[in-house]
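Please look over the protein shown here.

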Amino acid sequence: MSNANLAELGWGGFFLSDMSVDEVEKLVPVRVTDIHKSAVGVIGEAGSERLNMTLDLVEQGVTVGDWLLKDPDTGQPVRVLARQSLLKRRNARTNVDDQLIAANVDTLFVVSSCNKDFNVARLERYFALAHQGGAEPVLILTKADLAADPESYVAEARRSLPGVQVEALDAMAPDTPAKLATYCGTGQTVVLLGTSGVGKTTLTNALTGLDQLTADIRSADARGRHTTTARSMHRMLAGGWLIDTPGMRALRLSEARAGLEVVFSDIEAVARECRFNDCAHESEPGCAVQVAITAGEIEPGRLKRWQKLMAEDALSAETPVESRERHRKLGRAYAGGKARGSIKRKGR
Ligand SMILES: Nc1nc2c(ncn2[C@@H]2O[C@H](COP(=O)(O)OP(=O)(O)OP(=O)(O)O)[C@@H](O)[C@H]2O)c(=O)[nH]1
Ligand SMILES: [Mg+2]
């Protein structure tokens, strides 16, 4: 494959500069399209193939969209190249390890629908994830054809996500690929994220010409059936690459301070004017955030969501030692509380 073809796969100087002279001579770059238990699907010079999943790769952490170096003599992957962008989330069950979602992505299509799926708090999470990981978020509101007033969803998104790029559409309409064309050209990589049933695979089919499985949602609550079960990357008709993903149940952010700063830049700017550095924005004197709320410039619900995400972020950034220390203090406070409680009861 010529360099032009590698460029079609999203290759560029960024990745080349991560290779040593020796590696450039001996190894070939391939891009990960899907991941299995014991193998990774890749595409490169020689087209598509499967490589063995090695312990090294498991240890390095490999995800869809990654560039790998392959040794053509052994047919084995050698290492993962540095990433231009990386989307990851905290494992909601353990709250310790991270799950890598996709790498080397230019645009994150945050997919929601013009129905009960629409949820501002969830959108703020997705947008913070994108900004943190180095991808440009774009909100895609599907099922505009089924909504009485799709523009009301667009308006609410604009209120909650200042400067948002948003498209309300019917994922199956013939003009959908044209509406999204700016993000889908040669060399571009897009990933779709959203809850189950919002139309990620329907969009994938529209943008790639494939015929991947989709399924109806439950009419009562607009919930999907988790039809897609694994992430996979496909070539778009417009020349770029698209990563379809399974519907997400919960999105817990992982060390997303910088991403939150972008999504809540309005609150962060006001909070810098507070008299105290550690202002909790509740009843402290000189709290600029409370002044802005009284003036109707910041919505109280938005402040609460920001505070919740900041608290969650502080937890995700904790080292194991800090986490143990916090649990120890909590345990002590709990024991103390119980003791005080029993004294009170005695006194009654
Ligand atoms: N009318 C209409 N139906 C849509 C639109 N987008 C998706 N659908 C339908 O919504 C249902 C769910 O779509 P999928 O593409 O399977 O949703 P998904 O996001 O891939 O769901 P998971 O794979 O479960 O995460 C299917 O019946 C689609 O035909 C749209 O814009 N308009
Ligand atoms: Mg799907």
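Is α8 mostly covered or mostly open? The helix is mostly covered, with 7 of its 9 residues buried. This is a predicted model, and everything below is read from it.

**Helix α8 and its surroundings**

The buried residues of α8 are Lys 200, Thr 201, Leu 203, Thr 204, Ala 206, Leu 207 and Thr 208. They pack against both strands and a helix; the partners are tabulated here.

| Element packed against buried α8 residues | Residues |
|---|---|
| β8 | 107-113 |
| β9 | 136-142 |
| α7 | 176-179 |
| β11 | 189-193 |
| β12 | 232-235 |
| β13 | 241-244 |

Just past the end of α8 comes Gly 209, with a positive phi of about 80 degrees.

**Ligand 1**

Helix α8 spans residues 200-208 and gives the largest share of the shell around ligand 1, namely 3 residues. The shell holds 26 residues in total. Gly 199, Thr 201, Thr 214, Thr 228 and Gly 247 are the closest. Thr 201 is also one of the buried residues of α8.

**Nonpolar core**

The largest nonpolar core counts 70 residues. Leu 87, Val 105, Leu 108, Val 110, Ile 140 and Val 191 have the most contacts inside it. Helix α5, residues 120-133, supplies the largest share of this core, with 6 residues.

Which residues does Ile 140 touch, leaving out those up to four places away in sequence? They are Phe 109, Val 110, Val 111, Glu 167, Leu 169 and Leu 203. Leu 203 is one of the buried residues of α8.

**Domains**

The protein is divided into domain 1 (3-80), domain 2 (86-244) and domain 3 (264-317). The centres of domain 2 and domain 3 are 29 Å apart, taken over C-alpha atoms. Contact between the two involves 6 residues of domain 2 and 5 residues of domain 3. On the domain 2 side, α5 gives the most, with 3 residues. That side divides into 3 nonpolar, 1 polar and 2 charged residues.

**Confidence**

How far does the confidence reach? The mean pLDDT is 91, and 94% of residues reach 70 or more. Residues 341-348 fall below 50. Beyond near neighbours in sequence, this stretch has 0 contacts in the model.

Methods. Residues numbered from 1 in each chain as written. Chains lettered and ligands numbered in written order. Predicted model: local features only at pLDDT ≥ 70, side-chain atom pairs only at ≥ 80, totals over all residues. Core = buried A, V, L, I, M, F, W, Y, C linked by C-beta atoms within 7 Å. Buried ≥ 20, exposed ≤ 12 C-beta atoms within 10 Å, placed from the backbone. Helix = DSSP H or I, 4+ residues; strand = E, 2+ residues; numbered from the N terminus. Contact = placed C-beta atoms within 7 Å. Domains from an automatic or database assignment. Nonpolar A, V, L, I, M, F, W, Y, C, P; charged D, E, K, R; others polar. Near = placed C-beta within 6 Å. pLDDT = per-residue confidence, 0-100.
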